[in-house]
Amino acid sequence: MRHDSNYVQSVMHILIFVNKNNMYKGLLHAHSGLRWIALILILLAIINAAKSQTSGKYLKKDKMINLFAMVFLHIQLLIGLGLYFVSPKVQFVDKWMSSDTAGGMFRFFNLEHVIMMVAAIALITIGRSKAEKKLKGTRDKHRRILINYTIGLILILASIPWPFREMLGGSWF
């Protein structure tokens, strides 16, 4: 077995590439798969808030649905931040802001996707916080959840790299 420094260095570069590539694939699959759970939970929270506005009650069930939707979004945010640093789709190349560079893929993943997702998660988090702590009436609490979660959902749906947006290379899972 060879032990010279070039050989060891070459092996180390290969191992780092393989580990980074595997980490990227794992994070990407987790981020893409958990997206569906997060979307379902947000929809469930919106439907629950719309139905519960007239009930006059803000039950533990309501709190838990809203909490789980928010928690899954925060998990998605953390996985997304990990992807931001290992993804080949995030590159600050010359003229990355131009829609001509890689069909706008770099601009989308470097800037648009991140800003819109963070804004959506912040909006949902603020809405839940206000509903839980600051608002007194149950109708107001449900309305706050309904408004903030709906706007957050619209932002999220607008910034997902769906498969029909071919230049972004998105997938269903």
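## Helix 2 and its buried residues

The buried residues of helix 2 are Asp 62, Ile 65, Asn 66, Ala 69, Met 70, Leu 73, Gln 76, Ile 79, Leu 83 and Val 86. Buried here means under 20% relative accessible area, exposed means over 50%, and partly exposed lies in between, using a 1.4 Å probe and protein chains only. Helices (H or I, at least four residues) and strands (E, at least two) are DSSP runs numbered from the N terminus. The model is predicted: local features need pLDDT of at least 70, side-chain atom pairs count only at pLDDT 80 or more, and totals for chains, interfaces and linings use all residues. Residues are numbered from 1 along each chain as its sequence is written, and side-chain values use heavy atoms, with hydrogens and water left out.

Helix 2 has 27 residues, which at 1.5 Å a residue should span 39 Å, and its end C-alpha atoms are 39 Å apart, in agreement. The expected span is 1.5 Å times one less than the number of residues. Val 71 is also found in helix 2; at 32% relative accessibility, Val 71 counts as partly exposed.

## Overall fold

The protein has 4 helices and 0 strands, and its pattern along the sequence is α-α-α-α. Of its 173 residues, 33% are buried.

A contact means heavy atoms within 4.5 Å. Among the contacts with a separation of 6 or more, 70% come from residues 24 or more positions apart.

## Nonpolar cores

In soluble globular proteins, nonpolar side chains tend to be buried together. A nonpolar core is a set of buried Ala, Val, Leu, Ile, Met, Phe, Trp, Tyr and Cys residues joined through side-chain atoms within 4.5 Å. The largest such core holds 23 residues, of which Ile 42, Leu 73, Tyr 149 and Ile 156 touch the most other members. Two or more residues come from each of helix 1 (5-52), helix 2 (60-86), helix 3 (105-134) and helix 4 (138-159). Helix 1 gives the most to this core, namely 7 residues.

Residues up to four places away in sequence aside, Ile 42 touches Ala 69, Leu 73, Ile 124, Tyr 149, Leu 153 and Ile 156. A second, separate core has 5 residues, including Met 105, Phe 106, Phe 108 and Phe 109.

## Salt bridges

A salt bridge is a side-chain nitrogen of Lys or Arg within 4 Å of a carboxyl oxygen of Asp or Glu. The structure holds 2 of these. One joins the side chains of Asp 62 and Lys 61, at 3.4 Å from N to O. Asp 62 is buried, with a relative accessible area of 2%, whereas Lys 61 counts as partly exposed at 43%.

Asp 140 also forms a salt bridge, with Arg 143, and the closest N and O atoms are 3.4 Å apart. Both residues lie in helix 4, 3 residues apart, about one turn of the helix. Asp 140 is partly exposed at 35% relative accessible area, and Arg 143 is partly exposed at 33%.

Ser 52 lies in helix 1 and counts as buried at 9% relative accessibility. A polar atom of the Ser 52 side chain lies 2.8 Å from the backbone oxygen of Asn 48. Beyond its neighbours within four places in sequence, Ser 52 is in contact with Lys 57, Lys 61, Asp 62 and His 142.

Asn 148 lies in helix 4 and is buried, with a relative accessible area of 5%. The Asn 148 side chain reaches the backbone oxygen of Leu 123 at 2.9 Å. Not counting residues up to four places away in sequence, Asn 148 touches Leu 123, Ile 124, Ile 126 and Gly 127.

Conventions
A polar contact is a pair of N or O atoms within 3.5 Å; within protein, one must be able to donate a hydrogen and the other to accept it, and residues adjacent in sequence count only if both atoms are side-chain atoms.
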